[in-house]
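Colleague: I have this model open and want to go through it with you. Can you start with the terms?

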Amino acid sequence: MNPSAAQVAARVLEALERGQRIYTAVVTGARDPALIGRRWWLSGRRHGGSLGSPALDEAVAAAVPALFPPRESRGALSRDFRCQDGDRAATVTVYIELHGPPARMVIVGAGHIAIPLSRMAAMLGMRVEVLDDRADFAAADRFPEAAAVRVIDFRDPFADMNLGPSDHVVLVTRGHSFDYECLVRLLRMSAPPGYIGMIGSRRRVRATHEQLVREGFTTDEMRRVRAPVGLDLGGQTPAEIAVSVVAEIILFHAGGTGVPLVEKERVVERFFGDRGARHAAED
Amino acid sequence: MDEKELLGQLATLREPAVLATIVSARGSTPRKTGARMLVGRDSVIAGTVGGGCGEGEVIAAAEELFAGGPPRTVRVDLTDDFTTWSPAVCGGIMDVFIERANPERFDDS
């Protein structure tokens, strides 16, 4: 019995509830009409349904890790697969989705920048966790959008958090000695967070890096840290700085250029005016 | 409506419904690959595949599935809309897969 879209949706919700990734696939194009709508899902070692042949299920299972980068928690795409249809090869179009637990944003330092940053990260669909060693700052009512607000000790700030490559950590602590304590922990992890950002002036960032050099970290390790964090938007207020940080995180995942679209597309220059007319003719 | 909510609705549907999913999108489409819409016998239940831009075509195609039509991919070409200067400015092509979301709830199955 082919599982229905409704049944597979229930599987997806179960997987998300358990904090697990799940891939779902459905045949959307095939010469054999009986294959269209065939469905299959895979979550860890568990799977169900079939795309019509075990060989195709296995081909999709083998392809998914490369189709969806490990840091992504959501994805959707269509791919053609070659498979045997009787005695001849046929192309089958398969639509595949990835659902995973939401990306996590850990904000270290619960000061004035953390407030808009927590909100904006939540708007992006991230699970937000805020840490500080001051209980009056790391207070749940200051961060209504955060999934967790913790009072920590900077000597071991990430205890029991199981940070990994899919996580984002932004350091906005009140002093570079705290940033330094956090960075040492993060950079020594066997699988550090994929995105590590640290706020600060050039002077403060340099002071932190000098301390890392004294501790024996290499420049390659130091380059893993986005410091100063954010895109150069010229903003000054906490909200503006938070926009620049989340903008960099979007850029990190979506792979844009970060330049204004008007400069990238140059519609006026390309299609209008004397110089543009020439380019338009070339297009 | 967020995606998880729509999945929840899809998982617990009691009435027969057709699921429309954007399975590929090129150019400037209002919704991207992965966007979903649930269509009931008389009206859209939840979600959207692009509002004014091509959604009517998808809803019309969904009606065929209530009548017993097979699941299929509908190609929606929005590149013509651009020249009409309609308020819904779109200029892409999308493939929308439509199927019975819960075939077990249909009388004829």
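Modeller: Two strands pair if DSSP finds at least two bridges between them. Helices (H or I, at least four residues) and strands (E, at least two) are DSSP runs, numbered from the N terminus. This is a predicted model, where local features need pLDDT of at least 70, side-chain atom pairs count only at pLDDT 80 or more, and totals for chains, interfaces and linings use all residues. Residues are numbered from 1 along each chain as its sequence is written, and chains are lettered from A and ligands numbered from 1 in the order in which they are written.

Colleague: OK. Which residue is the bridge partner of A:Val170 in strand 10 of chain A?

Modeller: A:Gly197. Strand 9 (residues 167-171) and strand 10 (residues 195-198) of chain A run parallel, joined by four bridges.

Colleague: What is the strand order in that open sheet of chain A?

Modeller: The order is 8-7-6-9-10-11, six strands with parallel pairing. Strand 8 (148-151) and strand 11 (225-226) of chain A are the edges, each pairing on one side only.

Colleague: And which strands does helix 3 of chain A touch?

Modeller: Helix 3 (residues 114-123) of chain A packs on the sheet against strand 6 (104-108), strand 7 (127-132) and strand 9. Its direction makes about 160° with that of strand 7 of chain A. Angles run from 0 to 180 degrees between N-to-C directions, with axes as lines fitted to C-alpha atoms, for helices over the stretch in contact. Helix 7 (residues 238-254) of chain A lies across strand 9, strand 10 and strand 11, at about 155° to strand 10.

Colleague: Helices 4 and 5 of chain A next. At what angle do they pack?

Modeller: Helix 4 (residues 176-187) and helix 5 (residues 202-214) of chain A pack at about 45°, with axes 10 Å apart. They are therefore oblique to each other (under 35 degrees is roughly parallel, over 145 roughly antiparallel, 65 to 115 roughly perpendicular, the rest oblique).

Colleague: Which residues of helix 4 of chain A make the contact?

Modeller: A:His176, A:Asp179, A:Tyr180 and A:Leu183, while helix 5 of chain A brings A:Arg204, A:Ala207, A:Thr208, A:Gln211 and A:Leu212. Contact means C-beta atoms, placed from the backbone, within 7 Å.

Colleague: Switching to chain B. How many helices and strands?

Modeller: Chain B has two helices and five strands, in the pattern α-β-β-β-α-β-β along the sequence.

Colleague: How many residues does each chain put into the contact between A and B?

Modeller: Chain A gives 17 residues and chain B gives 21. Helix 1 of chain A supplies the largest share of the chain A side, six residues.

How values were computed:
Two residues are in contact if their C-beta atoms, placed from the backbone, lie within 7 Å.
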